[in-house]
Structures are given as C-alpha cells and as structure tokens.
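Open the model in your viewer and keep the selection panel at hand. We will go from stop to stop, and each stop says what to select.

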Amino acid sequence: MAQDPGARDLYRAHFESFEKSLNGDAGAPLHSVRRKAFERFADVGFPTRREEDWKFTNLAPLMKTPFRVPNLFTLDAGARKAALDELPGDGPRLVFVNGRLDPSLSGPIESEGKVRLMSLAEAFRARPDIIEKYFGHHARHEEFSLVALNTSFVRDGAFIHLTDGAVLDTPIHLLFISTAAAGPTVSHPRNLFVAGRNSQATIVESYWAPGSDVYYTNAVTEVVLEEGAVVDHYRVQRESEAAFHTGSVTVNQARSANYISNIVSLGGGLVRNDLRILLDGEGAASMLNGLYMVGGTQHVDNRTVVDHARPHCSSNEVYKGVLDGKATGVFNGEIIVREDAQKTDAHQLNKNLVLSEEALINTKPRLRINANDVKCTHGATVGMLDEDALFYLRSRGFPREEARNILTYAFAADVIEPMRDEWLRTAIERLVLARLPAGDRLRELV
Amino acid sequence: MLEIKNLHVSVDGHAILKGINLSVKAGEVHAVMGPNGSGKSTLAQVIAGRETFEVTKGEVIFQGKNLLEMSPEQRAGEGLFLAFQYPVELPGIANMYFLRAALNAIRTYRGEDEIDAIDFLALCKEKVKIVEMDERLMKRSVNEGFSGGEKKRNEILQMSILNPKLAVLDETDSGLDIDALRVVAGGINALRSPDRAMVVITHYQRLLEYVVPDRVHVLSEGRIVRSGGKDLALELEEKGYAWIGEGAATAAPAGAGG
C-alpha cells in the first residue's frame, strides 16, 4: 500500500481488531485465507491510475476517508419500513445491515433441501463441505487487490446453493443496506452462489441506503454455474450519493450453462463494477445487460471481461450509459477468445447518452482474439439527444423537458425491457423515471 | 387560416427559402410540389417550428397569431400538425400511450381535461380503422421496426387523433406502394373538412390523383414559381421539373400570392 500510509495503518488496525473479535475462530482454516489475503492487500494496496484498468478511476478520495468498522447491524423503525418497500411482498430474501444479516428481515433460511439459502456466516458453520469446494476459487485475491481486501474481512454475506435440478420459480432477493449516521463506515459483503447441474434461479442483489451517509461498500460475489445451470442475476446499485462502492462479480460457467447479468448503477458517489465471466465449458452462453445513469458529481466505472475459453460459447453484451451534470463514466469492456475457443459468437456494444456539456464518458471496448473461426463484434457510441427526435416529440405537443425525458427513457429502455422478472423490471423503470426531472409524468407512458 | 408573407429562411448562412408567399384558407387543400432541394421540407419544418432554420425575413400568421414566436409544442397546442417525411422511432414508448400522452399534452395546453384511458381506447379503435392499421402496432414501440408504409399510416393516425386545424404533410406519399398510398390518401380525405386546412408537400403528382387539391404551387430554388389549380400538377407530371427551371426566372413574380 505504497500510495497512502494512512490507509495502510487504517486497514491494518481494522484487521487486528477484526482478528481479536473472532476469538476461537481465528484458528479456523478460513482465517488463514483471510490472513493471506490481507498480506496480499497490505503488499499491493488499492489500485492506482497507473494500472491500465484503473486509468480513469481515482480512488484517492476513498483512501483518504477514515472509515470505521460498523457496530450497528439493525435499522430504526423508519429505515425498516423503507427497506420493506425495496422488496416484493413475499418470496425468499436475505437482508443485510452494514454487512451483517438481519434475521428479523430475512427468511426462510434453509440449510438442507433443494435450495440452500442462508448467510455466509451460517454456511461456514452449516455447510463447510460446499464452502470448501467453491469459496474463493474464482474470485482471486492473488490477482485483484479489492478482492483481497474483501477476503481479508470475510465474515458475512449471502450464500445460495441450488442442488442439481433445483428450479426456483420465485426470485431470491438479497438486500444490502448501509447506514453510517455516526461517521463513515466500511463493510465487505461476500456472496457465494452455486447453481448445480440443470438448476435454475433468479437472484437479485441490491445495494441501498435509507439516508445520504458517507460509507464504503466493498462487495465480492462469486457465481458458479455447473453444467446446464441457468442463472438470471440482477445487481442493482443504489447506494447513497455520498457513498463509495466497489463491487466485483466473478462468474464461472460450465458446459451449456446460461448466465444473464443485469447490472444497474444508479447511486453511489464513486462506483466501480467489475464483472468477470469465464466461459469454461462448451456451449455456455452469457448475456450482459448494463445500465448506468449518473448525474451531479457521480463517477461510475464499469469493467467487464468475458473470457471465452471453450468452443461454441456465446456472449452478448450491451451496456448503456446516461450521464448528466458533471458526472463521469467509464466503460472498459474486454472480450477474450482463447486459442481453443473456435466458433465463439461474441458481441459487445456500449452506448452513451451525454445530457450536459460537463458530463464525460471514457469508453474502451476491446477484443483479444486468439482463435480463427469466430464471430465477434464490438462497438461504442457517445451522443447527445437526437435533435430530430426532440423536434418530433415537441411537434406532437410535448414540452421540451418532457420530450427530453421521453427520449432519455427510451434510450435506457433497451436494456430494461429484456429483464425477465416483472416485479424488478417495473421497479427499475420507476427508478429510472425518478431520476428524470418530473419523470413521474412519464409513468403512464411506459 | 395560414398566411405566409415574404418568408426568407437560411441555414448556416445559406438562403433556402427566398420570399415565399402562401395563403391557405380553412377548408382548402394546397399541394406544394417541387424538385429535390427546392425547399419543400424546409418550408414544412419552419411552419412546425424547427429551430435549426433561421427566419431572416417575413412572417407566418396562423389564425391571426404570429407562429414564428411560438415553440413547436405551442404550435401543436394551437392546432398545427406536421406529418414527418421520416417519422422518428421511439423504442420503449408504446404507441398507444404515446398518442394518448400527446393528445393530453395538447389538451392541457388548451386548458381542457385530459382524456381518460377508456375514452381514448374507443377513439383509437375508431381511427385505427380509417388507416387500416394492424391494431397490434398500437402496443409496439412508436415506429420501432415499422415498415415505411406503417410509419406513414401511423403519422396519419396521429393526425386524425390529434385533430389539427392545419395539417402539413411532408412527402407522406414518398416510398409507398399503391395500396399504402390509397390508404394514406383515404386517411387524408377523411380529414378534409370546412374548418381544417391542409398543405400537402409532394415530389410526385401520384398522390394528387387521390387527394385532389384546391391549389397547386410549384417550388423551385426557394421560390414559388407557379401557382394554379389541380391541372398544374398534371402539366408538371407531363413536362417534368425541367420545364419549371426554364421558366422560373420570369415566372417568379407571378407566383407571389396563392
């Protein structure tokens, strides 16, 4: 951590007090993983802009903030009520407050049966067999320092295990809530989803804050899809606009597995989303839908890597960005096609709508192709609202502002419409409209 | 209803319209014809309020009000409608809801109550029949994936629902096969009424076989060079636009007025 000795001392102090709080558990095999991860993090520190993948995202404000470890893991009555509105009326859910499970808002917890749903803390106790087999195998702390930081402090998060053939009709909702009224805090949620052979589920992972506190969420999610598994994964980030969020999703797909990623970034002050997908079995398919919509002084950086390691895999990636105010955005997407991955069908598209003079987007689509019989495309666009379309709408009687809203919504709709879960699609439509000036007038339009 | 007096328009310093005079009374249908680049579409868009064009001289009076001082949405509220040559696609916005919202935006401008969903559905069903449009298109996103003919029918549908006092149709016939042309013309004819005026801009005489105009104007190089009855369109078809080019210089003063 050469770049900021204050940050080094801070996280070392966190780690030492964390170790003490573990008491007897400090001797468990998991803790030696934590120790190794922390050594790694202490060695390399936070990523800096000297690194190619961090060229446009400066973590200095994050390093300078003296975060504390949270000590409050429940919500007051008002926040509790607001949190319930963030979830559908029923269905399985795990709710975390400042990184720890709040059992009073969660359920039903299952450690046996076809679908095992519990906190990661519980899984370390109840299902060491599955933990041993999957935990930390794909989200590599040796390679990524923020994963190392997360792994150093692994304690809680969501654990989902779909046994072979388990098909879940109802989406599982995971809601991560942060509050830091007494000063900035940091949490490191860690999630592990394992989808057994031919299993199927929809998982919704949401980050949300009832207030506008300063805090830092450093989340890591590992997703493992065994042969023929189908996972529809939504990641909806609505942190406080004063918050820092670094989220890393690592996906490993076996033969014929089908993974759909929907990453929606609306909140947060400084946000980085990493999505790394390894297509590691023939015929595996991925869809990556991304939407980022930022204004004010928000910054959002989307880093995606789709690694085609086997033949006959397909990936289709569409990321759309809407930037207003002085917001800045990054799209840094990469498709890798390895030598063996013949008949790869990979597509990547990033489109950006810039609504103000001062907003800025850096987009960098990349292809690295090492096979010769493949079909790959990539592209990026950056544009303003189409004047022809604006005129069309105004000529139909829509006031200028409303016409702008309609076009902005229509731009984002491409990545919202394919979302298969209706409750969530409707919720995201509302959130997108809520970000537009007087967007509620549009509600009946969509 | 519409009075255009000595209208001069330029874009990026290039003069496109060079003194247009046109007077259209309620109940009349005027055809404006002309070769490519003569300024037909510019005229249509200036009337509707497109800001990329600069009006350097002249005036446009609509029902006694100065149209040039109004925003496009105000003009729509006042009862003006432009059928676009190239209708815009709006992915994510369902056609049905779009139309109702447009109608309500205009009603709000006029201080009228908004139309509710049930009344609108009835109105829509009635109008969809006139343009022989597949009702399923009402549930699709506005113009997205529509064929050329479907887009033009959708324009006529919008026109019949928004019920304007003055409709300007910008090459609504271009690119249509004969069946679609007949349907579009039928939609236009259904809207002819003593208290509505229409300006039909077209490159070809073909549409005018179905929509018989009261007056025909020929636009060339930013000026109206000929005006006459419906026979002028036939003459033009027969002799071609080159004929206009030859007589343009001398005919220009006679073209003034309408």
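Start with a definition: a helix axis here is a line fitted to C-alpha atoms over the stretch in contact, and angles run from 0 to 180 degrees between N-to-C directions. Helices (H or I, at least four residues) and strands (E, at least two) are DSSP runs, numbered from the N terminus. This is a predicted model: local features need pLDDT of at least 70, side-chain atom pairs count only at pLDDT 80 or more, and totals for chains, interfaces and linings use all residues. Residues are numbered from 1 along each chain as its sequence is written, chains are lettered from A and ligands numbered from 1 in the order in which they are written, and side-chain values use heavy atoms, with hydrogens and water left out.

**Stop 1: two helices in chain B**

Select residues 95-109 and 148-162 of chain B. These are helices α3 and α5, whose axes come within 10 Å and cross at roughly 35°. Now show side chains. In α3(B), the residues that meet α5(B) include B:Phe98, B:Leu99 and B:Ile106. Among their partners in α5(B) are B:Leu157 and B:Ile161. Contact means heavy atoms within 4.5 Å. What classes of residue make up this contact? Eight are nonpolar, three are polar and none is charged. Ala, Val, Leu, Ile, Met, Phe, Trp, Tyr, Cys and Pro count as nonpolar, Asp, Glu, Lys and Arg as charged, and the others, Gly among them, as polar.

**Stop 2: where the chains meet**

Show both chains. The contact takes 24 residues from chain A and 34 residues from chain B. About 2400 Å² is buried between them, and carbon and sulfur atoms give 61% of that. Buried area is the accessible area (1.4 Å probe) that two parts lose on being put together, summed over both. Select A:Phe391, A:Tyr392 and A:Arg396. In chain A these lose the most area to chain B, together 33% of what that side buries.

How many salt bridges link chain A and chain B? The count is four. A salt bridge is a side-chain nitrogen of Lys or Arg within 4 Å of a carboxyl oxygen of Asp or Glu. Zoom in on A:Asp388 and B:Arg50: they form one, with the closest N and O atoms 2.8 Å apart. Next, color α8 (387-395) and α9 (400-416) of chain A; each supplies at least two residues of the side that touches chain B. The largest share, eight residues, comes from α8(A).

**Stop 3: A:Arg238**

Select A:Arg238, in strand β10 (residues 230-238) of chain A. Beyond residues up to four places away in sequence, its contacts include A:Tyr207, A:Trp208 and A:Leu431.

**Stop 4**

Select A:Arg303 and A:Asp53. Their side chains meet in a salt bridge (3.3 Å, N to O). A:Arg303 lies in strand β15 and A:Asp53 in the loop between α2 and α3 of chain A, so the pair ties together parts that are 250 residues apart in sequence.

**Stop 5: a backbone detail**

Finish at A:Pro108. The peptide bond from A:Gly107 to A:Pro108 is cis, with omega near -15°.
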